[in-house]
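Subject: Structure handover

Hello,

Here is the structure you are taking over. Please open the sequence and the model side by side, then read the notes below.

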Amino acid sequence: MSKLYVFGIGGTGSRVLKSLSMLLASGVQINASEIIPVIVDPDASSGDLTRTVSMLRNYEAIRSLFKFPEGKRNEFFRTKINMDIVPYLCMPIQNTQNVKFSEYIGLQQMTEGGKEDANYALTSLLFSEKNLNSKMDVGFKGNPNVGSVVLNQFQQSQTFIDILSSFQQGDRIFIISSIFGGTGASGFPLLIKNLRSANQAISGAAFARNAAIGSVTVLPYFGLKTNEDSEIDSTTFVSKTKAALSYYDKNMTESNVMYYLADSLIEQYNNCEGGPEQKNKAHFIEVAAALAIVDFMSIPDNLVQTVNSQPQGTIYKEFGLLSDNPQKIVFNDLSAQTNSQIRKPLTQFAFFAKYLIEQIESSKKQPWAVDLMFDDNFLQSDFFQNLKRYVVDAREWLTEMSNNTRGFSPFRFDIESRNLFSMVQGVEPAKVVSMNSNYALYDTILNKEAKKVSMDLCPQERFVELFYRATARLVESKLRMA
């Protein structure tokens with residue numbers, strides 16, 4: 001399997017990377033030896049970006065302790081997310097901190113001797129007064145004309161050179177962007193052109209130029225409330241999308257596979273230009289975009305060939321639901337292919353999270369906990385605290401999607417413990433011949449599976465191996481998920 005470099009541009013890019021992390025943590029399979037995430041966003045303090053970076057670092061800390069020896073069943077956190085190549089996860093955008101766009105382009109220097117030159121006149125024609133006075137460190141506020149100037153520095157960055165230098169034959173690239181904002185709409189065309197024309201003097205650049213490149217272009221799937229203090233106006237999203245699609249149709253020929261996503265149900269988010277307050281609720285569109293990455297890696301090499309930096313044809317894909325415009329999506333609304341990818345892994349991880357958040361403190365005297373030495377020291381360890389933080393974040397992510405418009409609501413986390421196995425929406429639990437029910441049954445299965453877990457594993461891997469085995473048995477027997 002090859003490495004996959006995933007570039008997440010702007011806020012949408014960060015949120016899709018977060019969804020990808022959640023899918024991989026639950027054990028969704030992807031045909032890649034490791035994922036190298038790269039975030040491209042001038043707004044380093046964006047709430048969407050910082051939440052994603054925190055989650056990816058937590059994923060890395062948890063997974064670093066696992067070896068996945070042959071013959072063990074655990075699939076939680078199996079895919080490696082490699083953050084050594086891009087240590088800060090972000091491709092830095094130079095000279096944008098506390099700088100206005102006019103200062104970035106040197107507008108003042110176009111008026112030497114008090115006389116405006118032809119460049120000044122052209123610049124004034126292309127950019128509005130608001131554009132020229134906008135700050136660069138909170139993104140491009142829905143202005144791709146501004147972003148295209150600033151982001152043209154990709155090729156000169158040391159991070160870009162480091163990425164190219166690490167590239168090997170067979171590695172692939174995936175680019176996530178929105179088409180209706182500023183950073184994504186401007187960053188995607190520039191990034192893919194720079195990859196296809198990378199300086200071949202750099203080691204690995206020739207492989208990158210001819211790599212299979214997939215991309216997901218996210219059309220409007222949310223709106224923004226009116227805010228007189230904000231320069232972002234979501235009423236322009238559709239017109240910007242139409243203009244960008246027209247450009248893509250005529251000029252974007254560098255991608256081997258292009259995925260298009262949108263939603264007709266639009267929730268109005270708070271209108272924040274950037275910074276810590278920009279924390280959009282998770283949305284199912286971002287899960288669909290993450291699944292596009294999984295799908296891209298399943299496409300055979302012979303269908304995504306590139307010769308002399310030019311793809312030999314482009315594959316176009318969209319995502320659809322089985323049900324007609326559901327307000328709240330459950331597993332039964334998804335295609336058989338999507339269900340086969342995510343239903344069982346997400347359900348196992350949901351039961352894993354529920355136990356760790358609600359039940360673990362009451363189970364320290366259970367035989368499985370005593371026999372495998374999961375005592376107070378283990379529960380207070382950095383590993384367990386990181387793991388618990390991750391599953392709490394996972395449950396928050398699922399809850400945010402459930403409360404969004406359109407919602408993705410496969411689980412009911414508020415279900416009472418006596419109805420534990422009714423947590424999966426639209427699935428009737430099977431009757432299992434047992435004297436136990438709910439958490440008692442869960443513990444019974446943990447006790448049985450504990451006997452199959454090797455003590456040769458480190459405590460951290462023993463713990464996750466046990467819960468993977470137990471949740472697999474639970475969902476197979478109680479929920480009939482093969």
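Predicted model: local features only at pLDDT ≥ 70, side-chain atom pairs only at ≥ 80, totals over all residues.

Ala198 sits in the loop between helices α8 and α9 (205-209); helices (H or I, at least four residues) and strands (E, at least two) are DSSP runs, numbered from the N terminus. Ala198 is buried, its relative accessible area being 1%. Here buried means under 20% relative accessible area, exposed over 50%, and partly exposed in between (1.4 Å probe, protein chains only). Apart from neighbours within four places in sequence, Ala198 is in contact with Gln155, Leu164, Ala205 and Arg209, where contact means heavy atoms within 4.5 Å.

Residues are numbered from 1 along each chain as its sequence is written, and side-chain values use heavy atoms, with hydrogens and water left out.

The mean pLDDT of the protein chain is 87, and 85% of the residues score at least 70; pLDDT is the predictor's confidence in each residue, from 0 to 100.

Seven strands form an open sheet with parallel pairing, in the order β3-β2-β1-β4-β5-β7-β11. The edges are β3 (80-81) and β11 (315-318), each with a single partner strand, so one side of each has no neighbour in the sheet. Two strands pair if DSSP finds at least two bridges between them; β4 (residues 172-178) and β5 (residues 212-218) pair over 7 bridges. The bridge partner of Ile176 is Val216 in β5.

Helix α8 (residues 183-196) packs on this sheet and touches β1, β2, β4, β5 and β7. Its direction makes about 160 degrees with that of β4 (axes are lines fitted to C-alpha atoms, for helices over the stretch in contact, and angles run from 0 to 180 degrees between N-to-C directions). Of the 14 residues of α8, 13 are buried.

The structure holds 21 salt bridges, a salt bridge being a side-chain nitrogen of Lys or Arg within 4 Å of a carboxyl oxygen of Asp or Glu. One of them joins Glu34 and Lys80, with the closest N and O atoms 3.8 Å apart. This pair links distant parts of the chain, since Glu34 is in strand β2 and Lys80 in strand β3, 46 residues apart. Glu34 is buried at 13%, whereas Lys80 is partly exposed at 33%.

Glu358 and Lys354 form another salt bridge, at 3.0 Å between the closest N and O atoms. Both lie in helix α12 (residues 336-358), 4 residues apart, about one turn of the helix. Lys354 is buried at 0% relative accessibility, and Glu358 is partly exposed at 36%.

Finally, some backbone points. Thr405 and Arg406 are joined by a cis peptide bond, with omega about 10 degrees. Asn325 has a positive phi of about 55 degrees although it is not a glycine, and is partly exposed at 39%. Arg480, in the segment after α17 (459-478), also has a positive phi, near 55 degrees, and counts as exposed at 53%.

Regards
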